[in-house]
Amino acid sequence: MSAVFIHRLRVTYADCTLGNHVYYGRYLDFLEATRGEFFRQLGRTFLQWQEAGVIFPVLEVQVRYRGAARYDDEIAVEIWPILME
């Protein structure tokens with residue numbers, strides 16, 4: 001599987017610092033939310049996949065910050081799932 005999966009979400013106030021930019025660690029939460037939506041796109045929730053005995057470990061994460069996201073921004077989170085053998 002090599003297709004890019006894109007999930008759009010809106011930055012909440014709770015995601016931001018007092019300087020009104022997203023705290024760097026929150027981007028991993030955005031990635032996890034996107035991963036959950038990816039599983040739903042495959043037809044089941046993450047929990048349903050897990051209960052069926054299928055696991056999807058995260059082996060590596062890379063984050064490239066292109067600019068500061070701020071409160072109420074809509075952002076697009078992209079993931080590139082790959083099949084590991």
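This is a predicted model: local features need pLDDT of at least 70, side-chain atom pairs count only at pLDDT 80 or more; totals for chains, interfaces and linings use all residues.

Q: Why is the aromatic pair of Y27 and Y65 called edge-to-face?
A: The ring centres lie 5.1 Å apart, and a pair requires centres within 6.5 Å. The planes of Y27 and Y65 stand at 75 degrees; an angle over 60 counts as edge-to-face, so the term applies.

Q: What makes this pair a tie between parts apart in sequence?
A: Y27 belongs to helix α1, whereas Y65 sits in the loop between α2 and β2, so the pair ties together parts that are 38 residues apart in sequence.

Q: Why does Y27 count as buried, and why is Y65 called partly exposed?
A: Buried means under 20% relative accessible area, and exposed means over 50%. Y27 has 15% and therefore counts as buried. Y65, with 46%, falls in between, so it is partly exposed.

Q: Why is the pair of F39 and F56 called tilted?
A: Its planes are at 50 degrees, with centres 4.5 Å apart. Stacked needs under 30 degrees and edge-to-face over 60, so this pair is tilted.

Q: How do you know that F39 is buried?
A: Its relative accessibility is 2%, and the limit is under 20%. F39 also belongs to a second, separate core of 5 residues, which includes F5, W49 and I79.

Definitions and conventions
Residues are numbered from 1 along each chain as its sequence is written. Side-chain values use heavy atoms; hydrogens and water are left out. A nonpolar core is a set of buried Ala, Val, Leu, Ile, Met, Phe, Trp, Tyr and Cys residues joined through side-chain atoms within 4.5 Å. Buried means under 20% relative accessible area, exposed over 50%, partly exposed in between (1.4 Å probe, protein chains only). Rings of Phe, Tyr and Trp (its six-membered ring) pair if their centres lie within 6.5 Å; planes under 30 degrees apart count as stacked, over 60 as edge-to-face and the rest as tilted. Helices (H or I, at least four residues) and strands (E, at least two) are DSSP runs, numbered from the N terminus.
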